[in-house]
Amino acid sequence: MNFPAILFLGIVIAAAAFSGTSLGQNCGCAENLCCSRYGYCGTGDDYCGTGCRGGPCFLSPNNGASVGDIVTDSFFNGIADQAGSGCAGKGFYSRTAFLDAIKSYSQFGTVGSTDDSKREIAAFFAHATHETGHFCYIEEIDGPSKDYCDENNTQYPCAPNKGYYGRGPIQLSWNFNYGPAGETIGFDGLNNPEIVATNNVVSFKTALWYWMNNCHSLITSGQGFGATIRAINGRLECDGANPNTVSARVEYYTNYCNQLGVDPGANLRC
């Protein structure tokens with residue numbers, strides 16, 4: 001994932017702790033207040049907008065699209081079947097687990113036009129394909145050897161002997177992502193990050209958590225697939241940093257758009 005984007009996420013989390021309308025990390029908000037994506041109570045877009053957990057959230061109208069009808073067995077297995085028999089993700093990543101996970105994210109693939117729904121689904125699976133090698137990898141290659149602990153983040157402090165390296169379809173990384181993802185989904189992200197690699201529904205939920213907080217609005221507002229690349233791994237790939245990986249993501253995306261019968265739109269690269 002893109003370090004600046006994740007760092008920005010951590011900065012916003014930290015900033016929320018000092019907001020005058022913040023009442024607490026785990027909400028328990030008054031009826032007229034929203035619970036923000038970071039677990040604080042208040043009003044306005046920062047609390048009731050993207051990632052709002054409860055209260056009078058600003059939800060976009062549902063367009064009636066059925067994600068299950070779009071993500072058919074044929075579509076999903078066309079990706080997963082390309083993983084070799086020796087892959088850790090073989091059998092772990094399943095359409096059933098994905099459909100179970102999206103029950104917690106009602107706005108995924110259901111906002112905007114029907115074409116917007118298809119583009120969002122194509123974009124999500126393009127990144128998941130690239131990040132996991134067609135659902136081959138559950139954990140980041142050489143992940144345990146990498147340090148993804150931001151010791152300056154006191155709200156989500158690293159637990160001893162725990163690794164916050166990439167896991168799941170979009171390779172959730174860093175303590176300041178595992179912490180709030182766990183709070184939202186319902187697991188101990190700091191003390192039990194391993195569950196993202198052992199529970200396939202939780203694994204998909206973490207990918208959707210990151211997606212809905214960082215990428216969903218980019219697609220539904222028409223900013224294009226390139227903006228989602230920047231949100232996921234921009235520092236390492238965008239602005240000429242690694243054009244080959246950008247091209248790979250775009251190729252997956254355009255391929256999936258073709259399968260779903262939708263124009264991929266403009267602004268494909270970052």
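This is a predicted model: local features need pLDDT of at least 70, side-chain atom pairs count only at pLDDT 80 or more; totals for chains, interfaces and linings use all residues.
Two packed helices are described by the angle between their axes and the distance between the axes.

In the pair formed by helix 6 (residues 114-132) and helix 8 (residues 200-214), the axes lie 12 Å apart and the packing angle is about 125 degrees. Because angles over 145 degrees count as roughly antiparallel and those from 65 to 115 as roughly perpendicular, helix 6 and helix 8 are classed as oblique to each other. The crossing of these two helices, helix 6 and helix 8, is right-handed. On the side of helix 6 the contact is made by Glu120, Ala123, Phe124 and His127, while helix 8 contributes Ala207, Leu208, Trp211 and Met212. When the residues of this contact between helix 6 and helix 8 are divided by class, six are nonpolar, one is polar and one is charged.

In the pair formed by helix 10 (residues 225-237) and helix 11 (residues 243-260), the axes come within 11 Å and cross at roughly 150 degrees. Helix 10 is therefore roughly antiparallel to helix 11, given that the cut-off for this class is an angle over 145 degrees. The crossing in which helix 10 passes helix 11 is right-handed. From helix 10, the residues that make the contact are Phe225, Ile229, Ile232, Asn233 and Glu237, and they meet Pro243, Thr245, Val246, Arg249, Val250 and Tyr253 of helix 11. The contact of helix 10 with helix 11 comprises seven nonpolar residues, together with two polar and two charged ones.

Methods: Residues are numbered from 1 along each chain as its sequence is written. Side-chain values use heavy atoms; hydrogens and water are left out. Axes are lines fitted to C-alpha atoms, for helices over the stretch in contact, and angles run from 0 to 180 degrees between N-to-C directions. Helices (H or I, at least four residues) and strands (E, at least two) are DSSP runs, numbered from the N terminus. Angles under 35 degrees count as roughly parallel, over 145 as roughly antiparallel, 65 to 115 as roughly perpendicular and the rest as oblique. A crossing is left-handed if the near helix is turned anticlockwise from the far one by less than a right angle, and right-handed if clockwise. Contact means heavy atoms within 4.5 Å. Ala, Val, Leu, Ile, Met, Phe, Trp, Tyr, Cys and Pro count as nonpolar, Asp, Glu, Lys and Arg as charged, and the others, Gly among them, as polar.
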